[in-house]
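Please look over the sequence and the structure first, and then read on by topic.

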Amino acid sequence: MIGPVLKVTDLRKAYGAIQAVGGVSFEVMPGEIFGVIGPNGSGKTTMFNSVLGQITPDAGKIELNGHDITHKSPQQLNQLGVGRTFQTLQVFGKMTVRDNLLVAAQEHQGSMWSRLFAPGDSGLGDRADALIDQFRIRHVAHKKAGELSYGQQKLVDIAMAFMSEPDLVLLDEPCAGVNPSLVGGISSLLKQLNQTRASGKKASSFVVIEHNMDFVMDLCHRILVMVEGQVLAVGTPDEIRGNKAVLDAYLGN
Amino acid sequence: MKRLPLISGLAIAAILLAAPPFLKNYGIYLFSYWMVFVIATMGLNLTVGYAGQKSLGHAAFFGIGAYSVAILMQAGHSFWLGLALAVIACFVIGLALGFPALRVQTIYLAFATLGFNTAIWLVMRNEEWLTGGTFGINNIGRPSLFGLSLDGNLAYYYFVLGMTVVMGLLQWKLLSSPWGKAFTALRDNPIRAESLGIHIQGYTLLSFAIGAAYAGVAGALFASLVQFIEPAPFAVHASIMMYLMVVVGGPGYFFGPLLGSAVGVLLPEWLRFAQAWYLFVFGAAVILLMLWLPDGLLSIPARLAAKRQAREASAARAAAAAKLGN
């Protein structure tokens, strides 16, 4: 039997008297797109940042492919196969789009020492070009990322998370600030990437935090609903839609 | 417009190669001095301009390089051994100076490095048994290269110029390797860089260490150029001046140090006509430059290009609007 890619067990984090995350457990299976929803202040971002090594949880265990990664740094996590995007745009504004993609995976090639003597593209040119075509940003590939429109930068931002072909990608509000026509584009890109990675054939798993309900319901295989630091429900989009507690607590119906 | 960088580059290269034989000793000395500072600020440009760190301690490494050569040559060793020691010592101490940068950034880091500079300067001034204190070290010799004596001012100038080219090529190679991208990523967005597996601590330390090694080479060349060293040129004000050179030239531009050092080394000479007012004129020029060109002199071409693009875009919009109107 194949185990989960990500397993979070009884994760807890408090800020002073406020229990931001109060004992959250869930599993993400290989190839699964796992949505996390919840009202503002429900602890989604704290949970996310704990998994990603940005903050240290008070208690609980986080495992990646069966290995404990609870106290790993963001840099170590990426080396172990965890990619991520941030809620706000995080591209390298003064580098070209192509260089943004190259730098996003170069640290997975060879050793630090060998990279000093490696070619500038670290041998990742083909992989970068494939993603550039898939994300339809060929026409801006040699422009500085900071000069692009918000939507284009968002695409670069997401593409960067996939350059190192991670097993697990955590996407923090991939649709925030994106116009409705591009939301559909991002959704279909993520579905494609979920099926086949940039050049490999292995499916990757995603965890997606998002407020856009149509996007989440359409994209995700399973959804976790958080309220006040607790798991309110986990289920398929249809189950979540029909869950009365979720409707009461979150959708306000 | 595209040819401008090439033409100005060739012009500067021609001047550097051909002008000195026609200059008097003081002119040759100034050109050598300029090149020494090009090497030193190339290192600082890596730390500050490419990797985005702050350092007000660069002159300390310049001093460590100079004293390495002076002390070893005084003890009868060769310049080359002094140069090697200068590079190694600066690299190792630079690595150590990088550690505060792992904990603090911006102005706090600047003050930490400033403290380091002061401490090193005090060692140079107080440890007379080693450095000669304020009396300094005299009669520092010049090296020979493949049996060729570099004692003459012109010969030494060409040697320094050659070293500048070598150090420049090394930096060019470094910046075009994946390390160059990692440094830029560290500067632009360390949090994202870390999430992409970039070992930001490692690259921060390396940016300090490599930058310091450049200052070490420059200091070694400086010692043999001036042939007498004492602590003053390695005090905090020199670090501030070097930082200014990087900022004026254009931090993160490869040729920034060439221009910035020219402003720092040659401009004061040209301003001698102003006599007592020279510092005032220099200060005013720096203020105006910071106001209008905060990204340095080398940002001018990019600014002009951006303006031209904006003009063309608005012309295109006007044309499109006129078409719609008809």
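Which residues in helix 4 of chain B meet residues in helix 5 of chain B? In this predicted model, Leu97(B), Pro100(B) and Ala101(B) on helix 4 of chain B meet Leu109(B), Ala112(B), Thr113(B) and Phe116(B) on helix 5 of chain B. By class, that contact holds six nonpolar residues and one polar residue, with no charged residues.

**Confidence in the prediction**

- For the complex, the predictor gives an ipTM of 0.90 and a pTM of 0.90.
- Chain B has a mean pLDDT of 91, and 99% of the residues of chain B reach 70 or more.

**Packing of the two helices in chain B**

- Helix 4 of chain B covers residues 79-103 and helix 5 of chain B covers residues 106-126, and the two pack at an angle of about 155°, with their axes 9 Å apart.
- Because angles over 145 degrees count as roughly antiparallel, helix 4 of chain B is roughly antiparallel to helix 5 of chain B.
- The crossing in which helix 4 of chain B passes helix 5 of chain B is right-handed.

**The two domains of chain A**

- Chain A is divided into domain 1, made up of 1-81 + 166-253, and domain 2, which spans 91-165.
- The centres of domain 1 and domain 2 of chain A, taken over C-alpha atoms, are separated by 25 Å.
- Between these domains of chain A, 16 residues of domain 1 are in contact with 13 residues of domain 2.
- On the side of domain 1 of chain A that touches domain 2 of chain A, helix 7 (residues 180-195) of chain A gives the most, with five residues.

**The contact between chain A and chain B**

- The contact takes 26 residues from chain A and 19 residues from chain B.
- On the side of chain B that touches chain A, the elements that give two or more residues are helix 8 (178-188), helix 9 (190-195) and helix 10 (200-226) of chain B.
- Helix 8 of chain B gives the most to the side of chain B that touches chain A, with seven residues.
- Sorted by class, the side of chain B that touches chain A has seven nonpolar, eight polar and four charged residues.

Conventions
Residues numbered from 1 in each chain as written. Chains lettered and ligands numbered in written order. Predicted model: local features only at pLDDT ≥ 70, side-chain atom pairs only at ≥ 80, totals over all residues. Axes fitted to C-alpha atoms, helices over the stretch in contact; angles between N-to-C directions. Helix = DSSP H or I, 4+ residues; strand = E, 2+ residues; numbered from the N terminus. Parallel < 35°, antiparallel > 145°, perpendicular 65-115°, else oblique. Left-handed = near helix turned anticlockwise from the far one by under 90°. Contact = placed C-beta atoms within 7 Å. Nonpolar A, V, L, I, M, F, W, Y, C, P; charged D, E, K, R; others polar. Domains from an automatic or database assignment. pLDDT = per-residue confidence, 0-100.
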